Protein chains: 2
Amino acid sequence: MSDSIQMIPRPKSVITFEGKLKLKPDTAITCAGEGAFAVGELLAEYLRPASGFEFPVSKTKAPGTIHLEAAGVAKTDDAGFADEYYTLCVSASGVHLQAKNATGLARGIQCLRQLFPTAIMAPSLQKNDWILPFVEIEDVPRFRWRGQHLDVGRHFFSVEEVCKFIELLALHRLNIFHFHLTEDQGWRIEIKKYPKLTEIGSKRDCTLIGHDNTRPRRYDHTPYGGYYTQEDIKTIVAFASRRHITIVPEIDMPGHMAAAITAYPELGNFDFKTRVRCHWGISQNVLNVEDSTVNFMKDVLTEVMALFPGRFIHVGGDEALKHEWSESERAQNKMYELGLKSEEELQSWFIRQMDAHIGDAGRRLIGWDEILEGGLAEGAAVMSWQGEEGGTQAAALGHDVVMAPIEILYFNHYQAEPKEAEPLASRGMTPVDAVYAYEPIPEEIAEENHHHVMGAQGELWSEYIPVFSHVEYMGFPRICALSEVLWLEKDQKDYPDFLKRLKVHRERLDYLNVNAHKRP
Amino acid sequence: MSDSIQMIPRPKSVITFEGKLKLKPDTAITCAGEGAFAVGELLAEYLRPASGFEFPVSKTKAPGTIHLEAAGVAKTDDAGFADEYYTLCVSASGVHLQAKNATGLARGIQCLRQLFPTAIMAPSLQKNDWILPFVEIEDVPRFRWRGQHLDVGRHFFSVEEVCKFIELLALHRLNIFHFHLTEDQGWRIEIKKYPKLTEIGSKRDCTLIGHDNTRPRRYDHTPYGGYYTQEDIKTIVAFASRRHITIVPEIDMPGHMAAAITAYPELGNFDFKTRVRCHWGISQNVLNVEDSTVNFMKDVLTEVMALFPGRFIHVGGDEALKHEWSESERAQNKMYELGLKSEEELQSWFIRQMDAHIGDAGRRLIGWDEILEGGLAEGAAVMSWQGEEGGTQAAALGHDVVMAPIEILYFNHYQAEPKEAEPLASRGMTPVDAVYAYEPIPEEIAEENHHHVMGAQGELWSEYIPVFSHVEYMGFPRICALSEVLWLEKDQKDYPDFLKRLKVHRERLDYLNVNAHKRP
């Protein structure tokens, strides 16, 4: 195989040929089939800055030097996923990228970018020959859900930064961006019906200095805030859609709601002047279970669903401490009315209300594994963060699951020893090799339920990630490893080979101005 | 031995003689020495109702038929305990009760009451011969602290009921009544400087129905309240003092303060409209650590110390959840000012403030074993409720301890199987034989520290004890067993013998109208 083929993630099938294709300055991109033109334009945008070529893009069945062809419309499966299969052929006559649909093409162009000399990633003109090796590649990902999460609640990242992040997910052929939009420490999405959510809930008075476990807690006394207008969200959604990346928006409830309760105290359980939380850890403030609160949250989700076209809507459900409900006479009365025997059942009831609302809109609910407690809502999918037990249990019950176990896929953990030499991080230690070694289908899941494991995703909780360059530092190269875990077949994985390729891949990340960690 | 001697708890030494003393209607009680006359009057009160005799009491060195003689003044040890040794001689010439001081006499008359036919306990005239066996008894208790606790916070008991309880402790020759006066569910002692503590804090809107672990919680919606005026307290203290029983008052802080915080919200950590708690369990509301709050609590203790003459003042310290302090910026700032590294150290600091205040008044602080966390205050004694570990640890550090382990000495637990056939109780199961088998000095305490184990006590937490007759039901016969654990030497204990004597003792309890449990 030629060098550059060896430097892309291993495809399902590769046939190499003697010879190379050198692109000429007048190379055109031609596109055929539904959605292909938009992918062609995206490809042109990727290739123009470093090459200085114009790469005119046109719709035509007559192939130019680079031809993209979508065989049909993106038919999605019952979970909303398109078939991502593609073939990529480079020969003397040019580049031919073929897929069943535009989504496959969107994955294929990311492969194509990586077949070029790494300098193609540069944002400005490079003196280079733009040579591609002759090859026939056939590829398709192993998992449907290849995700990466970003918490913009604890720290806020701009529209441009979020788009850069999504761009990097696209490069790594992930297909899901889990957008964690609301937190105790800040509500980050404009909701037109409830403007105080951002007017009040997006700002906190100060922020903890150092680690949340350190005592005494000290604060910086600098107000902090930020949120996305609905226009901003549309920009981000459009940016992701163009890359065939689905955004899964998360409105975390009924816990992690201190900011919302501060904005609308009537959502809380007690007459308690709370504030947008200035340190980390789990807040005990959870939503009350009044009908008015259920309706409030449905209204929020209605606006969220209007903004985010993806199938899955994430309602959190994690770390909702039951203390307030067990103390609240109103909550206990509600349990009595509903014939519920525990606060866990009450949470289950609450989540079911959201499930029905989301289902009525033709969407599907997903939540963290705590939504299993007290009984899982009918159509709910489970994101298993507390190890794999929740996912295993949900799969056995016939629910779709996404693996996101804290021990392996929390990229806010440390990634290299000694911790002291690293910037402050959450806790735990997840080096790249551990991520690479991860197998998303645990042995405990019976073979007939394997299909319920939609995939897995990495998490970036931003308590100790104050700026975007640090998102990059924590995310990469662990996201590089994750992308192979999710795309490659189990037996295709090869850590030494990954490390060899990573060396070259670092050049790409450097050109893209990504502040990746230097190890391994 | 004659029957009635066999039917009293085993004294240290007994010599029996052929013959009996039959009291005549004109029997007089003569008293010599400091405090003897008051004990003589008490004895007369005990004997009059059933016998119908007048029992004139006089001070004289010339012995009458019943003669009480205190050899000297009650000298107390450094913990405030008097020597309780006594000798009791019954012969043809009469009854001669001799002790080193009046406290010993007070114990001796309880022994004497039990030498009589059980009908002597009756509240009204009995047709009986009042016969005592000839005997020479020498007795002294094994432990200095022979206590029984009563929680009047969760449920309130009247002055008369509390006095009846103290009377029963006296009969069983206990010497400490631990008076648990304040709770989340009600503040029960008038504090002149802070009238709202009782005006507001002694009342709750409603009370939980059933067990605190049952869900959903249901409430009776009947206001509940009650408190002791300072005059009431004086009545109770006088009643106990006359029986040489020391009351250890408890003002539980910094947790179990929901009633106080409801009355004076400035004592709390947050701007949180709390209420006097209507169900059980542990409240998260704890005192804040402002100087004003420390001074408030010192003021409370000043009034408490003026009312209760005993050496020990109990400040609780149990179950003070650290959640609010860890959430409160003010509390964290206080920790920073004081150079403290944990909320446990902050509690320790708080308790030390109380320790200094109590010490300045010539008293000694005692608290539940949580006061060990974060460092024990200098002169503090420890009441070990979470098993014996706290007591063991404190004794090793040279602190005096009282054993009150939840597994054995919580008399609010069930006492007989099946639980379903019993009235609702806290949880756990502590039958009489387990109480009787209890050894207050755990093996883990080195011999040189045995003297730090002042003794032990039973607890009666009143969540599930709504009325006084149920205090009796839960207390007896477990308190009968406890009294032998604490008075008898280890090798004097004999459970079959106890059971035999208990049969007779039940007659006494019946005469005293005590609603004791029927088993064993």
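**Salt bridges and the A–B interface**

Between chain B and chain A, the count comes to 6 salt bridges, a salt bridge being a side-chain nitrogen of Lys or Arg within 4 Å of a carboxyl oxygen of Asp or Glu. The model is a predicted one, with local features needing pLDDT of at least 70 and side-chain atom pairs counting only at pLDDT 80 or more, while totals for chains, interfaces and linings use all residues. Residues are numbered from 1 along each chain as its sequence is written, chains are lettered from A in the order in which they are written, and side-chain values use heavy atoms, with hydrogens and water left out.

On the chain B side, β14 (218-219), α9 (323-327) and α10 (329-338) each supply at least two of the residues that touch chain A. The most comes from α10(B), with 5 residues. Helices (H or I, at least four residues) and strands (E, at least two) are DSSP runs, numbered from the N terminus. Sorted by class, that side of chain B has 8 nonpolar, 8 polar and 11 charged residues. For that tally, Ala, Val, Leu, Ile, Met, Phe, Trp, Tyr, Cys and Pro count as nonpolar, Asp, Glu, Lys and Arg as charged, and the others, Gly among them, as polar.

As for extent, 27 residues from chain B and 27 residues from chain A take part in the contact, contact meaning heavy atoms within 4.5 Å. About 2,400 Å² is buried between the two chains, and carbon and sulfur atoms give 46% of that. B:R215, B:P216 and B:E329 supply 24% of the area that chain B buries against chain A, more than any other three residues. Buried area is the accessible area (1.4 Å probe) that two parts lose on being put together, summed over both.

How do the copies relate? Chain B superposes on chain A by a rotation of 179° with 0.0 Å of shift along its axis, at an RMSD of 0.1 Å. That is the relation of a two-fold axis. In chain B, the C-alpha nearest the axis belongs to B:F272, 2.2 Å away from it.

Buried means under 20% relative accessible area, exposed over 50%, and partly exposed in between (1.4 Å probe, protein chains only). The side chain of A:E343 makes a polar contact of 2.5 Å with that of B:R215 and another, of 2.8 Å, with that of A:Q332. Leaving aside residues up to four places away in sequence, A:E343 touches A:K322, A:W325, A:S326, A:Q332, A:M335 and B:R215.

Over all chains, a search of the whole structure turns up 60 salt bridges. In one of them, A:D291 meets A:K334 with the closest N and O atoms 2.8 Å apart. A:D291 is in helix α8 (residues 291-307) and A:K334 in helix α10 (residues 329-338) of chain A, so the pair ties together parts 43 residues apart in sequence. A:D291 is partly exposed, with a relative accessible area of 49%, whereas A:K334 is buried, at 8%.

Chain B has a bridge between B:E489 and B:K12, at 3.8 Å for the closest N and O atoms. B:E489 sits in the loop between α16 (478-487) and α17 (495-511) and B:K12 in the loop between α1 (3-6) and β1 (13-22), so this pair ties together parts 477 residues apart in sequence. B:E489 is partly exposed at 31% relative accessible area, and B:K12 counts as partly exposed at 29%.

Notes. A polar contact is a pair of N or O atoms within 3.5 Å; within protein, one must be able to donate a hydrogen and the other to accept it, and residues adjacent in sequence count only if both atoms are side-chain atoms. Copies are superposed by least squares on the C-alpha atoms of residues with pLDDT of at least 70 in both.
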